[in-house]
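Keep the viewer open as you read.

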Amino acid sequence: MDWKSSYEKNDFGTLFYSLVKIIKPDKIVELGTKAGYSAYHMAKAVKENDFGSIDCYDLWDGYPFNSCSLNTAKENLQEYSDIISFFKTDARKIEEKYNSVDLLHIDLGNHAEILEEILIPWLPKAKLIIMEGGSIERDNVEWMKKYNKKSINQWLKNKPFNYVIINPFPSVTLIENGKGH
Ligand SMILES: C[S@@+](CC[C@H](N)C(=O)[O-])C[C@H]1O[C@@H](n2cnc3c(N)ncnc32)[C@H](O)[C@@H]1O
C-alpha cells in the first residue's frame, strides 16, 4: 500500500494496533486520515476485538497542502468498510457531535496553534488522545520552520493534563486529562 505516511518509517502502525488491542475502545475518532495508514492499523485491532468503530475526518483533496483523494483512502481501507465511516469535512468543532469518545487520534499537520484550537475542546470528551508530534526533532522539520509554526514540545509544557511523548520520528504524544473518566 502506498500510504505516504511519516508514521511508516518507525513502524508506528504497531503502536496504533497495540493501543486499540489493549484499550478496546468502542468509539474511535481520527482527525487527519490521508491515505489511511493509522486508521488501517487501528481498524485491524478493532476487527480482532470484535467490536468498535472509527470515524475518520479529513479534507482529503480539499486540503491545500499534502493529502490524497477520499477514494484512495476508501480503497486502502476497503477491508474495514464495516468499521470505518468517512467524513470529508473540516476537523474544527467536530467534538460538538460527540458526548464521549474512547480514543481520539489527531494528525492534521500538527503545530501548537492547531492543537490549541482543535485538541483543547476535546479534553473533557476523549478518554485518551494520541496526537502526532511532541518531540523536539519533529518541531524542527523543514515546514515548521519555513511557515514559522510554533513548537508542540513547548506548547505541551504546563498543560492541565498528563502526557507522555514517544520519541522516534515523527513522535506521538499520549494525553490523558485525568478528569471525568
Ligand atoms: C499528516 S496527514 C495524516 C496522516 C495519516 N494519519 C497517516 O497515518 O498517514 C494530515 C491530514 O490532515 C488533513 N487536514 C489538515 N488540516 C485539516 C483540517 N482542518 N480539517 C480536516 N482535515 C485536515 C490533511 O488533508 C491531511 O490528509
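**Briefing: sheet, ligand shell and backbone**

Strands β2 and β3 run parallel and are joined by 5 bridges. The model is predicted. The chain holds 7 helices and 7 strands. The notes below start with the sheet, then turn to the ligand, selected residues and the backbone.

**Sheet**

- The sheet is open and has 7 strands, in the order β3-β2-β1-β4-β5-β7-β6. Its pairing is mixed.
- β3 (84–88) and β6 (162–166) are the edge strands, and each pairs on one side only.
- From one strand to the next, the twist averages 15°.
- On the β3 side, cysteine 56 has phenylalanine 86 in β3 as its bridge partner.
- On the β6 side, the pairing is antiparallel: 5 bridges join β6 to β7 (residues 172–176).
- Within that pairing, valine 164 has leucine 174 in β7 as its bridge partner.
- Helix α2 lies across β1 (27–31), β2, β3 and β4 (101–106). Relative to β2, α2 runs at about 170°.

**Overall fold**

- Read from the N terminus, the elements run α-β-α-β-α-β-β-α-β-α-α-α-β-β.
- The radius of gyration is 15 Å. A compact globule of 181 residues would have a value near 16 Å, so the chain agrees with that estimate.
- Along the principal axes, the C-alpha atoms fill a box of roughly 40 × 35 × 30 Å.
- Of the 181 residues, 37% count as buried.
- Take the contacts between residues at least 6 apart in sequence: 72% of these join residues at least 24 apart.

**Ligand shell**

- The shell around the ligand has 20 residues, and Ser5, Gly32, Ser38, Tyr63 and Ser67 come nearest.
- By class, this shell has 9 nonpolar, 6 polar and 5 charged residues.
- α2 (37–49) and β2 (53–58) each supply at least two residues of the shell.

**Tyrosine 37**

- Tyrosine 37 lies in helix α2.
- Tyrosine 37 is buried, because 24 other C-beta atoms lie within 10 Å and the cut-off for buried is 20 or more.
- Leaving out residues up to four places away in sequence, tyrosine 37 touches Trp3, Ser5, Tyr7, Glu8 and Gly13. Ser5 is also among the residues that come nearest the ligand.
- Tyrosine 37 and leucine 15 are 22 residues apart along the chain, and their C-alpha atoms are separated by 12 Å.

**Leucine 156**

- Leucine 156 is found in helix α7 (residues 152–156).
- Is leucine 156 buried, exposed or partly exposed? Leucine 156 has 18 C-beta neighbours inside 10 Å, so it counts as partly exposed.
- The contacts of leucine 156 are Gly134, Tyr163 and Thr173, with residues up to four places away in sequence not counted.
- Alanine 112 is 44 residues from leucine 156 in sequence, and the C-alpha to C-alpha separation is 8.4 Å.

- Most residues other than glycine have a negative phi, and most peptide bonds are trans. The cases below depart from this.
- Lysine 34 is not a glycine, yet its phi is positive, at about 50°. Lysine 34 lies in the loop between β1 and α2.
- Lysine 34 counts as buried because it has 24 C-beta neighbours inside 10 Å.
- Asparagine 158 also has a positive phi, near 65°. Asparagine 158 sits in the loop between α7 and β6.
- Asparagine 158 has 6 C-beta neighbours inside 10 Å, so it counts as exposed.
- Which peptide bond is cis, with omega near 5°? The bond from phenylalanine 169 to proline 170 is cis.
- Proline 170 has its place in the loop between β6 and β7.
- The hairpin of β6 and β7 has 5 residues between the strands. In this hairpin, serine 171 takes a positive phi near 75°.

How values were computed
Residues are numbered from 1 along each chain as its sequence is written. This is a predicted model: local features need pLDDT of at least 70, side-chain atom pairs count only at pLDDT 80 or more; totals for chains, interfaces and linings use all residues. A residue is near a molecule or strand if its C-beta atom, placed from the backbone, lies within 6 Å of it. Helices (H or I, at least four residues) and strands (E, at least two) are DSSP runs, numbered from the N terminus. Ala, Val, Leu, Ile, Met, Phe, Trp, Tyr, Cys and Pro count as nonpolar, Asp, Glu, Lys and Arg as charged, and the others, Gly among them, as polar. A residue is buried if 20 or more other C-beta atoms lie within 10 Å of its own, exposed if 12 or fewer, and partly exposed in between; C-beta atoms are placed from the backbone. Two residues are in contact if their C-beta atoms, placed from the backbone, lie within 7 Å. The radius of gyration is taken over C-alpha atoms; the globule rule is 2.2 Å times the number of residues to the power 0.38. Two strands pair if DSSP finds at least two bridges between them. Axes are lines fitted to C-alpha atoms, for helices over the stretch in contact, and angles run from 0 to 180 degrees between N-to-C directions.
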